[in-house]
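I opened the model to look up a few sites and wrote down what I found. The entries follow in the order I made them.

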Amino acid sequence: MAIDKNCELCGSDNGLSEYKVEPKEDTIVMCETCLASVDTPAENETHWHCLNDAMWSEVPAVQVMAYRVYSRLGNQEQLDMMYMEDEVKAWAEQGLEAENREPTRDANGTILVEGDSVSIIKDLVVKGAGFTAKQGTTVKNIRMVQDDPTHIQGKVNGSTIFIISAFLKKL
Ligand SMILES: [Zn+2]
């Protein structure tokens, strides 16, 4: 099948191929440079400045790829600016979960997942937030931290904070 457009991420016409945006069937056209580092974008970080334009695409599959690359780069600033329908964002997240790394474990070695409730097992001074998260505090609906299995994110005293998972016990 002939490809009748340029790379949908950077606009290049070099070595184009179709790329399936799992787990859906939608495809986008990518050049060989984008394809080579889409899974490990930090190796070619300057190339991904192209997403400054692509992130505003109206094509959901392109938004998904921009979101995944920014996530892999840990570029929260750009992620915060992106506008995506909830459904598209969920699609983007699915691809990131699939490549998941080390599991996050609590003090007993139990694996923690998104949405778990945990209890804090020792007093923790929260740097920058000006309070201590007390031993025995329950943290509900925890979130995983991208690229960091040693921490979780959760709400304590109304503030969303990062907590070392080894100081937690799953409830
Ligand atoms: Zn490209």
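**Entry 1: T104**

I listed the contacts of T104 (heavy atoms within 4.5 Å), leaving aside neighbours within four places in sequence, and found T110, I111, L112, M144, P149, H151, I152 and S165. I note that this is a predicted model, where local features need pLDDT of at least 70, side-chain atom pairs count only at pLDDT 80 or more, and totals for chains, interfaces and linings use all residues. Residues are numbered from 1 along each chain as its sequence is written, and side-chain values use heavy atoms, with hydrogens and water left out.

The side chain of T104 reaches the backbone oxygen of P149 at 3.0 Å. T104 counts as buried because its relative accessibility is 1%; the cut-off for buried is under 20% relative accessible area, with a 1.4 Å probe and protein chains only.

I looked up the protein donors of the zinc ion (N, O and S atoms within 2.8 Å of the metal): the SG atoms of C7, C10, C31 and C34, lying 2.3 Å from the ion. C7 lies in the segment before β1 (17-20) and C31 in the loop between β2 and α1 (32-37), 24 residues apart. The donor angles run from 102 to 118°, so the arrangement is tetrahedral; for four donors this requires all angles between 85 and 135 degrees. I read 5% relative accessibility for C7, which counts as buried, and 0% for C31, also buried.

Notes. Buried < 20%, exposed > 50% of the residue type's maximum accessible area, 1.4 Å probe, protein only. Polar contact = N/O pair within 3.5 Å; in protein donor to acceptor, adjacent residues only side chain to side chain. Donors = N, O, S within 2.8 Å, 3.2 Å for Na, K, Ca; no water. Tetrahedral: all angles 85-135°; square planar, octahedral: opposite > 155°, others 65-115°. Helix = DSSP H or I, 4+ residues; strand = E, 2+ residues; numbered from the N terminus.
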